[in-house]
Amino acid sequence: MRNQVAVYTGSFDPFHLGHENIVRRAAPLFDRIVVGVGVNPDKQALFEPRERVELIQTVLADLPNVSVEPFSGLAVSFVRKVGARVMLRGLRALADLEYEFTMSLTNASLDDQIETFFLMAGKDHTHLSSTLIRQIAIYGGELRGFLPEPIIERVRQRCRERA
Ligand code: ADP
């Protein structure tokens, strides 16, 4: 029996509505989706990787075929470890294409059994990026329309602690 697993990696600091949109659209297309939260030491990070995992789990709690895990090292190694052959990626504007194209070819060179599966960003989400959302949050801007409702307060609170 086919068991098609897709892995969606990123740093997700924080996980925003564009990320959520990609996972929700992909969830019915695969047997299972694993969201992989990259563990990169980053002094600017708003949340620790384990906190990001927990926040994403909160947002996606209603999707029974989606799980969330931290990972370090190469994304292709993580993909193999969870028994997947598909890397799920979201494409915003044309600006993403060059980077994603390069990544996809590099990953294919590392493991030719792995395919990259692209979904275009949702029409209301093409402008969203974690970097810009962190800036808005730090300066106390309105986060509705950028972040999933269940995590807005946690992000606000973290930014107040940092101020
Ligand atoms: P992070 O900055 O949190 O690591 P990335 O930019 O690495 O997030 O994004 C992880 C994945 O989500 C990538 O495939 C990226 O193209 C996709 N992505 C990022 N922002 C959006 C968005 N607004 N809409 C759809 N997909 C997105």
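1. Let's start with Glu20: setting aside neighbours within four places in sequence, Glu20 is in contact with Phe15, Val59, Leu60 and Pro148. Contact here means heavy atoms within 4.5 Å. Before you go further: this is a predicted model, where local features need pLDDT of at least 70, side-chain atom pairs count only at pLDDT 80 or more, and totals for chains, interfaces and linings use all residues. Residues are numbered from 1 along each chain as its sequence is written, and side-chain values use heavy atoms, with hydrogens and water left out.

2. Staying with Glu20, you'll find this residue in helix H1. Helices (H or I, at least four residues) and strands (E, at least two) are DSSP runs, numbered from the N terminus. Glu20 counts as buried because its relative accessibility is 13%; the cut-offs are under 20% relative accessible area for buried, over 50% for exposed, and partly exposed in between, with a 1.4 Å probe and protein chains only. Glu20 and Leu60 are 40 residues apart along the chain, while their C-alpha atoms are separated by 7.8 Å.

3. Is Asn21 buried or exposed? With a relative accessible area of 18%, Asn21 is buried. Not counting residues up to four places away in sequence, Asn21 touches Gly122 and His125.

4. Now for the strands around H1. S1, H1 and S2 make a right-handed β-α-β unit; right-handed means that, with the strands pointing away from the viewer, the path from the first strand over the helix to the second runs clockwise. S1 and S2 run parallel and are joined by 6 bridges (two strands pair if DSSP finds at least two bridges between them). Val34 in S2 is the bridge partner of Val7, and Gly36 in S2 is that of Thr9.

5. S1 has another partner too: S1 and S4 pair in the parallel sense over 2 bridges. On that side, Val7 stands opposite Met87 in S4. Because 5 of the 6 residues of S1 are buried, S1 is largely enclosed by the rest of the structure.

6. S2 is mostly covered, with 6 of its 7 residues buried. Which strand does S2 join through 6 bridges besides S1? That is S3, which runs parallel to S2. Val68 in S3 is the bridge partner of Val35.

7. Val35 deserves a click in your viewer. Leaving out neighbours within four places in sequence, Val35 is in contact with Tyr8, Phe12, Val23, Ile56, Leu60, Val66, Ser67, Val68 and Glu69.

8. On to the nonpolar cores, meaning sets of buried Ala, Val, Leu, Ile, Met, Phe, Trp, Tyr and Cys residues joined through side-chain atoms within 4.5 Å. The largest has 34 residues, of which Ile33, Val35 and Leu60 touch the most other members. At least two residues of this core come from each of strand S1 (5-10), helix H1 (17-26), strand S2 (32-38), helix H2 (49-59), strand S3 (66-71), strand S4 (86-91), helix H5 (130-138) and helix H6 (149-162). Another core, of 12 residues, lies apart from it and includes Ala75, Val76, Ala84 and Ile114. As general background, nonpolar side chains tend to be buried together in soluble globular proteins.

9. Arg89 is in strand S4, and counts as buried because its relative accessibility is 17%. Beyond residues up to four places away in sequence, Arg89 touches Tyr8, Thr9, Tyr99, Glu100, Thr116, Phe117, Phe118 and Leu119.

10. In H5, the buried residues are Ser130, Ile133, Arg134 and Ala137. Seen down the axis of H5, they fall within an arc of 105 degrees, so they line one face of the helix; the arc is that of the directions from the helix axis to the C-beta atoms. They pack against H1 and H6. After H5 comes Gly140, whose phi is positive, near 75 degrees.

11. Last, Asp124, in the loop between strand S5 (115-120) and H5. Asp124 counts as partly exposed because its relative accessibility is 47%. Its side chain makes a polar contact with the side chain of Lys123 (3.5 Å). A polar contact is a pair of N or O atoms within 3.5 Å; within protein, one must be able to donate a hydrogen and the other to accept it, and residues adjacent in sequence count only if both atoms are side-chain atoms. Asp124 and Cys159 are 35 residues apart along the chain, and 25 Å separates their C-alpha atoms.
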